[in-house]
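Subject: Handover of a structure and its description

Dear colleague,

Please find below the structure that I am handing over to you.

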Amino acid sequence: MDQRLITLRLVDKVGVMMERSVGRALAVSPRISDRLPVRPPVLDGQQMNPRLHLLATMGKRDLRARCAPSALTRGKFDCLMRAATTVRTGPVRTSAWTVPGPAGPLAGRLYEPENGASSKSLLVFVHGGGWHVGSVSGYDNTLRFLADRAGVSVFSANYRLAPEHPFPAAFEDVSATFRYAVDHADQWRFDPARIGIGGDSAGGNLAAAVALAADARYRPAAVALLYPALDWDLDHYQSMAMFSVPLDEDCVRRAMRWYAPTSHEQTDPHFSVLSATDLSLMPRTYVATAGMDVLRDQGETLITRLHNSGVDAELRRFDNMPHGFAGMLVDHEAKAATEEFARAVSFVLDVPRSSSHSI
C-alpha cells in the first residue's frame, strides 16, 4: 500500500480517537461540569449552564469569520462539531449517495434508524455553519442523533460554500438535493407526501428558502428549523444586540456578506426569506429558537408572519440555550432540547399533509 495513504489513514484514526476522547471529557456529569470555574452572565433573565457557556465560547472563534475560511478552519470546525456531539444512539444504517448538483456532484448520506424501520417519513436536513463552514461529515453525529430520536430517516448533502461560491450557489445545491430526495422516494421506499426539509442556522435559512420557492411537485410536507437566519436587515431585531456567544452581530453580518455580497442579493427572498411579501405557500412549519441567540427574534418573527398568512406553524423557544445547541449534544440540556426538536420532526412528518390540526 502507498506510504502516503497509510499515513493519511493513521492520521484519520488518531483524529477519530482524539474526537472521542474530547467528547467524553466534555460529557462529564453535570455534578462535575456545573462546578467548572465559569460564571456565565445573566442576560435577558437567562443563564447558560457552565458547560454550555464553555462550548459556545469554544465555537465563537471559528464563527467570527474575520478572514476567509481555509481548509484547516473548515476541518477544525468539523472536528469540534463531532467532539461536541459524541453521544450514544440506537443503531442507524448509513449509505452514501451522490446528488447531481448544478455545478457538479454533491456528496450525501442517508441515515435510516432501526427504531423507525416502518416509518415512511424522510427529513432532508441542511447543515449550518454560516454558509462558509460545515459539512455532512462534521454533522454526522447530529444527523445520526436526529434520525434515531425522531424515528425517521434523514438525508443530508454538502453544498458549495462561501465566499468562493456566493449566492445563489448554496440555494441551488440544496434545491437540487431536495428534488433528488423526492425523485428517489420510490427507490428509498418513502412516502413522497411525508418528505420534509429542515436545517439549523444558515441551513435553516436554506431550508426555508427552498420550501418557499418550491413548485407543487417538490413542495415539502413540512419545514423544521433550528434557530434559522432569515433576514439581512438585522436592525429590526432586539435580540441582535442582547447576546454575543457564540454569535454576535458583526460575525452574522460578515457571514451574510460572504454569501450575499450585493444589496440585490441581500434582499432576494431566496436568501432574505422575511423580505418575501407573501409567505402563504409555506408548508406547515415548526421553528425552534434558542433563548440566548442573536437570531432568536428572526425565527419568532417568521412564525408570527406565517400565522398571519394562515400557515400552520408552531414556535418553541428553548430558554437558557445558545445558538448551535444541536451541535452541543454532550450537554444534557442541549441534548434534551434537540430530542424535543426530533420528536417534533417525527410528528409534523407523520401527520398527513392535508390535515388541518395544529402542530
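Two strands are said to pair if DSSP finds at least two bridges between them. With that in mind, L110 stands opposite F155 in strand 4. Please note that this is a predicted model.

Eight strands make up an open sheet of mixed pairing, and their order across it is 1-2-4-3-5-6-7-8. Strand 1 (92-101) and strand 8 (313-322) are at the edges; each has a single partner strand, so one side of each is left without a neighbour in the sheet. From one strand to the next, the twist averages 20°.

Strand 1 is joined to strand 2 (residues 104-113) by 10 bridges, in the antiparallel sense. Within this pair, A96 has R109 of strand 2 as its bridge partner.

**Strand 4 and its partners**

Strand 2 also runs antiparallel to strand 4, with four bridges between them. On its other pairing, strand 4 (residues 153-157) joins strand 3 in the parallel sense over three bridges. What is the bridge partner of V124 in strand 4? The partner is F155, the residue that L110 stands opposite.

In a regular strand the side chains alternate between the two faces of the sheet. Are the faces of strand 4 covered or uncovered? Both are covered: S153, F155 and A157 are buried on one side, and V154 and S156 are buried on the other. Accordingly, five of the five residues of strand 4 are buried.

**Helix 6 against helix 8**

Helix 8 also packs with helix 6 (residues 169-183), at an angle of about 65° and with the axes 9 Å apart. Helix 6 is therefore roughly perpendicular to helix 8. The crossing of the two helices is right-handed. Which residues meet there? From helix 6 they are A170, F171, V174, S175 and F178, and from helix 8 they are L206, A209, V210 and A213.

T338 lies in helix 12 (residues 332-350). Its relative accessible area is 0%, so T338 is buried. Not counting residues up to four places away in sequence, T338 touches F145, L146, F325, A326 and L329.

D331 is found in the loop between strand 8 and helix 12. D331 counts as buried because its relative accessibility is 0%. Apart from neighbours within four places in sequence, D331 is in contact with N49, R51, L52 and L55.

**Cysteines**

How many disulfides does the structure hold? It holds zero. Is C67 buried or exposed? At 60% relative accessibility, C67 is exposed, because exposed means over 50%. C251, in turn, has 2% relative accessibility and is therefore buried, the cut-off being under 20%.

With kind regards

Key. Residues numbered from 1 in each chain as written. Predicted model: local features only at pLDDT ≥ 70, side-chain atom pairs only at ≥ 80, totals over all residues. Heavy atoms only, no water. Axes fitted to C-alpha atoms, helices over the stretch in contact; angles between N-to-C directions. Disulfide = S-S within 2.5 Å. Buried < 20%, exposed > 50% of the residue type's maximum accessible area, 1.4 Å probe, protein only. Parallel < 35°, antiparallel > 145°, perpendicular 65-115°, else oblique. Left-handed = near helix turned anticlockwise from the far one by under 90°. Contact = heavy atoms within 4.5 Å.
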